[in-house]
Amino acid sequence: MVNWINTYLRKLPAWPIYVVGGFYPLWLLWQGLNGGLGVDPVKSMEHAIGEAALQLLIVGLAITPLRKHLGLNLLKFRRAIGVLAFFYVFAHFLVWLVLDVQLLGQIWADILKRPYITVGMAGLLLLLPLAMTSNNLSMRKLGPRWRKLHKLTYGAALLGGLHYVMLAKGFQLEPLLYMLAIVVLLLLRVKLPGLKVRARTPS
């Protein structure tokens with residue numbers, strides 16, 4: 001079954017991820033302008049884009065464990081998912097910056113005084129070098145260092161999950177489930193002494 005799925009996936013291009021994903025923020029903007037996002041469309045848009053960004057980061061983290069433990073090969077889509085995740089994180093930041101806060105003095109005050117915003121900004125900064133080097137030229141120039149650099153994704157995902165947990169008011173299960181998923185996916189990458197997991201070879 002997995003081999004059949006991998007054979008089918010190899011025939012699919014990655015570019016539709018950019019196209020479909022790129023329309024989502026525009027659709028949210030259209031919904032907001034037409035009253036489809038409730039009484040506070042800016043907050044709704046900010047939340048929806050941020051949650052979508054976190055979901056994409058989790059999907060990106062899941063690709064290696066899926067290949068290692070189940071033999072499901074989604075590697076050809078990882079770059080597109082990563083770039084789209086950064087696009088959503090940056091769009092989330094822009095909605096907060098331009099539509100929510102607006103005042104420059106208030107922006108810096110929020111970053112410095114509100115821990116969840118500080119954590120979110122740190123996650124965005126970790127993603128910046130990844131977005132800038134997500135191209136073939138950077139991969140060739142950086143060589144083995146490229147893989148090491150892109151491990152910053154782990155920290156960015158953790159900060160993104162923490163940002164969501166800290167943002168939630170009171171006890172909310174959803175942010176905790178996102179954080180749990182991130183932690184589990186990172187733990188699956190840990191190599192335990194004396195334990196070898198044989199990856200299934202996709203055909």
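Me: Contact means heavy atoms within 4.5 Å. In this predicted model, which residues is H150 in contact with, leaving aside its neighbours within four places in sequence?

Reply: L130, T133 and S134 are in contact with H150. H150 itself is found in the loop between α8 (144-149) and α9.

Me: Why is H150 called buried?

Reply: Buried means under 20% relative accessible area. H150 has 15% relative accessibility, so H150 counts as buried.

Me: What makes D100 and K43 a salt bridge?

Reply: The rule asks for a side-chain nitrogen of Lys or Arg within 4 Å of a carboxyl oxygen of Asp or Glu. The closest N and O atoms of D100 and K43 are 2.9 Å apart. That is within 4 Å, so the pair is a salt bridge. In general, side chains of opposite charge can pair when their charged atoms come close.

Me: How many salt bridges does this rule give?

Reply: The count comes to one. D100 lies in helix α4 (residues 78-101) and K43 in helix α3, so the pair ties together parts that are 57 residues apart in sequence.

Me: Why are D100 and K43 called partly exposed?

Reply: Partly exposed runs between the 20% limit for buried and the 50% limit for exposed. D100 has 25% relative accessibility, so D100 counts as partly exposed. K43 has 41%, so K43 also counts as partly exposed.

Me: How do you know that the span of α10 is close to the expected one?

Reply: The expected span is 1.5 Å times one less than the number of residues. α10 has 15 residues, and 21 Å is expected. From its first C-alpha to its last, α10 reaches 21 Å.

Me: Which residues of α10 are buried?

Reply: P175, Y178, M179, I182, L185 and L186 are buried. They cover an arc of only 130° around the axis, which puts them on the same side of α10. These buried residues pack against α3 (41-70) and α9 (152-167). On the other side of α10, L173 and L187 are exposed.

Me: Which residues make the nonpolar patch?

Reply: F171, L173, L176, L177, L180, V184 and L188 make it, and the patch covers about 680 Å².

Terms used
Residues are numbered from 1 along each chain as its sequence is written. This is a predicted model: local features need pLDDT of at least 70, side-chain atom pairs count only at pLDDT 80 or more; totals for chains, interfaces and linings use all residues. Side-chain values use heavy atoms; hydrogens and water are left out. Patches are made of residues with over 30% relative accessible area and no salt bridge: like charges are joined within 9 Å, nonpolar side chains (Val, Leu, Ile, Met, Phe, Trp, Tyr) within 5 Å. Accessible areas come from the Shrake-Rupley method with a 1.4 Å probe; for residues, only the protein chains shown count as cover. Helices (H or I, at least four residues) and strands (E, at least two) are DSSP runs, numbered from the N terminus. Buried means under 20% relative accessible area, exposed over 50%, partly exposed in between (1.4 Å probe, protein chains only). The arc is that of the directions from the helix axis to the C-beta atoms.
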